[in-house]
Amino acid sequence: MSALFVMFKVGNADYVIPASSVLELESFTGATEVPGAPSFLRGVLNIRGRVVPAIDLRTRFGLARTEPTIDTRVVVGQIGTRVVGLVVDAAREVVSLSSEAFRPPPEIIVEQTQGFVQAIAEAGQRLVMLLDFPKVIGEESTHAQ
Amino acid sequence: MTTLLKDFLPGYLAEADEHLSLAKENLLSLEERLRAGETHPRAVRDLFRSLHTLKGLSAMIGVEPVVEIAHQMEGVFRALEREGGRLSLGAIETLIAGLAAIEERVGALSAGRPVAKAPDQLLRRLSGLTAESSGDVSAEILRGLEPELLTQLSAADVEQLRLAIGKTGRAVRLDFAPSAERSAAGTNITSVRRRAAEVGEIVKVIPTSAEPTSAHPSGLVFVLLLATAASDAELLQALMLPRESLRDITMVDAKPGIFSDEPEPSIEEGDRLMGGFVRVSVAKLDETMERLSALIVDRFKMARAVTDLATRGADVRALSAVLSENSRHLRDLRGSIMKTRLVAVEELLRPLPLLVRGAAKATGKKVNLETKVAGVELDKAVAERLFPTLVHLVRNAVDHAIEHPAARIEAGKPPHGSIEIVARSLANNQLELTVRDDGHGIDRRKVAAKARREIPSSDADLLDLISLPGLSTRDTATSTSGRGMGMDIVRRIVSGELRGHLSLKTEEKRGTTFTLCVPLSLKIVDAFSLSCAGQLFVVPVSSVDDILEIDVKDVLAAPAPGRTHALRVLRRAGSQIPLVSLSHALEMPPISVLRPKAIVVSRAGQKVAFEVDQLYGQHEVVVRPLEDPLVSVFGVAGSTDLGDGRPVLVLDLMALGARAIAEAA
């Protein structure tokens with residue numbers, strides 16, 4: 001069984017999330033800051049008439065926040081009724097990965113990423129990490145697959 | 001609806017039982033009269049009322065089978081009441097079967113069993129009766145009654161008069177004009193009725209208005225139609241009324257046509273005739289509002305485009321004129337749409353007497369609910385969110401505030417506790433609702449002990465305390481408590497979801513008043529735009545008391561050792577108000593500006609001024625709530641769009657002000 005995944009870059013690493021939970025990819029030019037929100041929240045965005053919170057994945061992963069570049073993207077994902085954007089350094093590809101390609105992540109990665117990485121897989125020449133999207137946005141992990 | 005159903009069920013059952021036994025009693029006495037060849041219009045009227053009430057109550061809590069049966073039975077009695085005629089004894093059997101079927105279903109509801117569907121056969125038999133009862137009544141006239149009075153008599157009344165005359169011999173008309181003098185002598189409409197009932201049978205009492213003269217100084221005359229065997233002299237003596245107030249109206253045969261055969265139009269028919277009402281689903285109204293919201297955002301975009309053109313040197317006078325006209329039209333349109341969404345507060349409160357009844361019965365207390373809400377309306381969406389909070393406050397008042405009758409008498413109060421709900425519209429499209437009880441007041445010490453906090457010194461602090469999630473001061477569980485929401489939820493709905501304000505006033509032994517202030521409408525509000533720490537925000541105009549330029553001479557910054565930020569004081573028109581920097585309140589890095597402005601808000605009589613960098617102007621904005629937990633933060637009521645597609649946050653300055661003051665204290 002193989003499925004489609006959206007692949008994106010945060011820092012020097014590549015991540016994927018299932019394409020089925022992604023509503024759209026948008027370029028990012030800035031968000032409206034929300035005072036009092038968690039520090040990893042970049043702000044709120046207007047995505048097709050809907051006001052959506054955007055998480056800065058760099059900050060979420062402990063990297064320094066950067067100014068948006070021409071490559072910066074928002075990956076807009078949905079879980080249940082919640083729609084949340086992830087601000088990433090670049091997002092270009094949709095890849096097809098088979099479920100056998102995924103392996104549990106090494107202990108060190110689990111610790112380092114606070115459990116945000118569910119699994120790792122080889123996609124072509126690269127090693128990609130499967131992001132636990134619900135956990136990133138503060139929901140209980142679903143442990144899909 | 002299920003939690004609400006639980007809340008209303010005890011009251012429903014009590015009320016339904018009462019009407020069922022009343023209806024049974026009346027039906028039996030109607031049967032008795034029928035056997036004697038007479039009619040019994042009063043029983044018919046009461047039966048109609050009982051079944052009408054049963055139907056309404058059952059519809060409210062959604063017991064469809066009872067609604068269906070009561071509806072058919074109500075129809076039978078309505079036809080009887082309006083058109084006269086007689087029921088056969090067989091019809092009475094069917095009606096008794098109808099009552100039994102209702103009783104069975106109410107019983108099932110009470111025992112928590114599923115309610116059986118209404119039997120088709122019974123419904124068919126009942127609807128057959130409706131036709132049978134519509135008898136033909138011959139047209140007659142009563143001598144000595146003006147046509148205006150005649151129109152107030154139903155065919156059933158005339159039938160009753162005729163029967164009564166048959167028994168007693170004659171009918172008279174008595175005119176009684178109340179006055180201060182007569183009232184002082186102990187004669188009022190109640191005493192007249194009582195005395196009249198002793199000497200005859202009162203068929204009807206019709207209040208009429210007249211030109212105020214010495215004969216009837218109050219301009220009010222009660223016309224009593226009385227069937228009696230007594231002579232004029234006996235009547236006048238018994239009733240202690242002057243000679244001219246009595247007239248014989250014994251029926252004579254007369255020309256037809258005074259009593260119109262046309263039944264009076266039903267409400268539905270009346271509406272149709274006048275082109276009056278259309279039922280519209282709320283979803284459709286929401287859709288209209290959504291479309292209007294889009295238009296308003298478009299207008300911002302146009303305004304922006306026109307400004308851009310102007311800065312590039314184009315002549316935009318004509319465009320600007322069209323824009324401002326467009327803006328006026330949009331405002332009118334918004335007004336019309338909002339009006340269609342309004343519902344009467346009276347309508348909203350309709351289920352509450354039932355709730356009070358149920359809660360009072362369960363606790364063994366006596367409680368009167370009084371509402372003064374006539375003529376006040378609010379948006380359907382607001383009404384729907386507000387209703388659960390009222391249910392909570394009222395139930396709390398019965399369960400926990402109002403004392404048992406014995407304790408009340410001991411405290412020198414009437415045995416009946418009272419709950420009063422008053423609604424009034426304020427300026428700025430706000431609605432104020434107060435829920436007042438005359439119970440024992442909230443015991444600060446007890447609440448503080450329960451919460452393990454200090455005893456609150458003010459009512460506002462007390463409200464904060466009782467609004468702590470999970471706090472309950474209930475000593476014993478009552479049958480109605482132990483479920484539903486707490487004050488924390490009431491507060492969240494009022495201040496958070498509705499962007500309103502909740503306050504409390506309680507006096508030991510005297511009672512407690514909750515005041516809810518909410519906007520009449522939610523979505524589209526007038527707002528000021530401002531900038532703070534380099535970011536654009538808007539605040540609803542309804543929360544703003546004043547805006548002004550800050551003059552450094554008017555600002556007093558007292559030293560505050562050990563604090564990173566001192567609360568300053570702004571002198572304004574002879575009074576001093578706390579001055580809070582908005583960037584500080586929002587924990588944003590401040591930027592320095594040459595001429596800061598201040599926005600003054602007032603909450604529960606206390607004013608707070610916010611220092612902001614710049615004020616831009618007033619707009620009509622569409623507010624969208626920020627629902628995601630990541631962004632539902634204190635002091636931010638929602639988000640809007642001023643035309644460039646970027647979200648602009650809507651601030652709740654009242655909440656921010658309250659927090660800033662609490663922090664500085």
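User: In which loop of chain B does B:Glu587 lie?

Analyst: This is a predicted model, and in it B:Glu587 has a positive phi of about 55 degrees although it is not a glycine. Most residues other than glycine have a negative phi. As for its place in the chain, B:Glu587 lies in the loop between helix 21 (582–585) and strand 18 (597–603) of chain B.

User: What is the phi of B:Lys509, and is the residue buried or exposed?

Analyst: B:Lys509 is found in the loop between strand 10 (501–507) and strand 11 (511–519) of chain B, and its phi is positive, about 70 degrees, although it is not a glycine. Because 12 other C-beta atoms lie within 10 Å, B:Lys509 is exposed.

User: At what angle do the axes of helix 9 and helix 10 of chain B cross, and which residues meet?

Analyst: From helix 9 of chain B, the residues B:Val192, B:Arg195, B:Ala196, B:Glu198 and B:Val199 meet B:Glu234, B:Leu235, B:Ala238 and B:Leu239 in helix 10 of chain B. By class, this contact has six nonpolar, no polar and three charged residues. Helix 9 of chain B passes helix 10 of chain B in a right-handed crossing, and the axes, which come within 9 Å, cross at roughly 145 degrees.

User: How far apart are the end C-alpha atoms of helix 22 of chain B?

Analyst: Several residues of helix 22 of chain B are buried, among them B:Leu653, B:Met654 and B:Ala655. At 1.5 Å a residue, the 12 residues of this helix (653–664) should span 16 Å, and the separation of the end C-alpha atoms therefore agrees, at 16 Å.

User: Which elements give two or more residues to the side of chain B that touches chain A?

Analyst: In this contact, 21 residues of chain B meet 16 residues of chain A. The elements that give two or more residues to the chain B side are strand 21 (636–641) and strand 22 (647–651).

User: Which residue of strand 11 of chain A is the bridge partner of A:Val117?

Analyst: The open sheet of six strands in chain A has the order 8-1-2-11-10-9, with mixed pairing. Strand 10 (residues 117–123) and strand 11 (residues 126–131) of chain A run antiparallel and are joined by six bridges. In strand 11 of chain A, the partner of A:Val117 is A:Leu131.

Note on methods: Residues are numbered from 1 along each chain as its sequence is written. Chains are lettered from A and ligands numbered from 1 in the order in which they are written. This is a predicted model: local features need pLDDT of at least 70, side-chain atom pairs count only at pLDDT 80 or more; totals for chains, interfaces and linings use all residues. Two residues are in contact if their C-beta atoms, placed from the backbone, lie within 7 Å. Helices (H or I, at least four residues) and strands (E, at least two) are DSSP runs, numbered from the N terminus. Axes are lines fitted to C-alpha atoms, for helices over the stretch in contact, and angles run from 0 to 180 degrees between N-to-C directions. A crossing is left-handed if the near helix is turned anticlockwise from the far one by less than a right angle, and right-handed if clockwise. Ala, Val, Leu, Ile, Met, Phe, Trp, Tyr, Cys and Pro count as nonpolar, Asp, Glu, Lys and Arg as charged, and the others, Gly among them, as polar. The expected span of a helix is 1.5 Å times one less than its number of residues. A residue is buried if 20 or more other C-beta atoms lie within 10 Å of its own, exposed if 12 or fewer, and partly exposed in between; C-beta atoms are placed from the backbone. Two strands pair if DSSP finds at least two bridges between them.
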